[in-house]
Amino acid sequence: MEKIIINGGRPLSGKTELQGSKNSALPILAAAAAVGGVSVIHNCPKLTDVEAAIKILEHIGCKTKREGHTVIVDSSCAERFDIPERLMREMRSSIVFLGALLARFGAGTVSAPGGCEIGLRPIDLHLSSFAAMGVDITERSGILECKAPSGINGCQISLAFPSVGATENIMLAAVSAKGETVITNAAREPEIVDLAEFLNKCGACVSGAGQSIVRIRGVKKLSGAEHRIISDRIVASTIMACCASAGGKVAVSGAITEHLAPIIPVFEAAGCKITAQGGELITEAPKRISRIKSLRTMPYPGFPTDSQAIVMAMLSKADGTSVISEKIFENRFRHVPELIKMGADIRVEDGCVAVVEGVKKLHGARVSACDLRGGCALAVAALGAEDKTVIDNIYHIDRGCEAPEARLSELGADIKRA
């Protein structure tokens, strides 16, 4: 099993190019199956989650080809609407393929998704929405059989929570529905906007993406399109946290500053100098990180849950006490015991609040990544720690960060994969 070894205490310096967004690539790859024809998707990151999505496409009959960071999907020969459990369990976002299958075939057979164990990600919002659109759903031994005998029907759907996955799934199913679908309390993340832009290039009629009400008017015919995926705002925040932890000055090219609007003020409050100029986002670390009195994760445009762990790692060496409230997932503090092994002083209260008492220094240790963002948090802490840190289970990190050891090495970190 591979591991990452980091010798900390070396300030970072230089420039790095930001990868494409994982959270955008996955639903857009699913959409490529829904629309038919050939789609050319640029800036598609080389991640294990993306490769899992490509396996699903190939299983249902699509032809795929990767050329660097471009993935070409020919879905004209797609004919299967079942996804086996072994493929569904490779990533948490696999459920988004159900909406695509319903749009293309009017049917879909899937199992529960897998991926990181960051807590329950119930799909009841997905299923109740599909049911409202005329889909009959039967569950047998954990397998969901979904059929729309009279076709997908547009309708009014009000989400109890602005779920990104549910919003994407409804959008995908609705593009071929009869009539108009209106999603109220829709997720507003930039990745929703990116999916809508791709679908509209394919001939769909989606409006309001990025706002709380999204309208999708079903059309009879969709075709493939060419699209460039947006840059990954969560990886951008991870690089910023690495710089803040290790010290130094790092420029990230390709970052979309407005997507980072909920994140940048947190780093500035922690004492980092953040500058956007010439297409680059520059982070300059202070001598010591300042505490963040109170930080709460919320749906976009609030502070993202995906950046919570890496900010906690950064704040482990802050001057003072920080309080972080996790309001999105109930099991997203699994990285805390590993940070404590490195000398962090963190107390979890009621399972959803972490009190981080800043310490003057962290030390290297052998730690294990429990999920994607928690694994990144361990790397953030290790870069600013004394001595050597060994991070096991890095397959979690590889799900969302492309070649992290290469990226950080070019910025001056002493890091290698073994």
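Predicted model: local features only at pLDDT ≥ 70, side-chain atom pairs only at ≥ 80, totals over all residues.
Let me start with two helices. The axes of helix α1, residues 22-35, and helix α2, residues 48-59, come within 10 Å and cross at roughly 5°. That angle is under 35 degrees, so α1 counts as roughly parallel to α2. On the α1 side the contact is made by Lys-22, Ala-25, Leu-26, Leu-29 and Ala-33. On the α2 side, Asp-49, Val-50, Ala-53, Ile-54 and Leu-57 take part. Sorted by type, the residues of this contact are 8 nonpolar, no polar and 2 charged. As a reminder, an α-helix has 3.6 residues a turn, so residues three or four places apart point the same way.

Next, the sheets. One of them is an open sheet of 4 strands, in the order β9-β10-β12-β11, with mixed pairing. Its edge strands are β9, at 156-158, and β11, at 205-207, and each pairs on one side only. Neighbouring strands in this sheet are turned by 15° against each other on average, ignoring direction.

For a position to look at on screen, take Ser-158, whose bridge partner in β10 is Thr-184.

Another open sheet has 3 strands in the order β6-β8-β7, and here the pairing is antiparallel. The edges are β6, 107-111, and β7, 136-140, each pairing on one side only. From one strand to the next, the twist averages 15°. β7 pairs with β8, residues 143-147, in the antiparallel sense over 5 bridges. In this stretch Thr-138 stands opposite Glu-145 of β8. Helix α4, residues 96-105, lies across β6 and β8 and runs at about 160° to β6.

The partners are Phe-81 and Phe-105, 6.2 Å centre to centre with 45° between the planes, which makes the pair tilted. Phe-81 sits in the loop between β5, 70-74, and α3, 85-88, while Phe-105 belongs to helix α4, so the pair ties together parts that are 24 residues apart in sequence.

For burial, look at helix α10, residues 308-315. This helix is mostly covered, with 8 of its 8 residues buried. The buried residues are Gln-308, Ala-309, Ile-310, Val-311, Met-312, Ala-313, Met-314 and Leu-315.

My last stop is Asp-398, in helix α13, residues 395-398. Why does Asp-398 count as buried? Its relative accessibility is 15%, and buried means under 20%. Leaving aside residues up to four places away in sequence, what does Asp-398 touch? Its contacts are Glu-2, Leu-47, Thr-48, Pro-404 and Arg-417.

Notes: Residues numbered from 1 in each chain as written. Heavy atoms only, no water. Pairing = 2+ DSSP bridges. Axes fitted to C-alpha atoms, helices over the stretch in contact; angles between N-to-C directions. Contact = heavy atoms within 4.5 Å. Parallel < 35°, antiparallel > 145°, perpendicular 65-115°, else oblique. Nonpolar A, V, L, I, M, F, W, Y, C, P; charged D, E, K, R; others polar. Phe/Tyr/Trp six-rings, centres within 6.5 Å; stacked < 30°, edge-to-face > 60°. Buried < 20%, exposed > 50% of the residue type's maximum accessible area, 1.4 Å probe, protein only.
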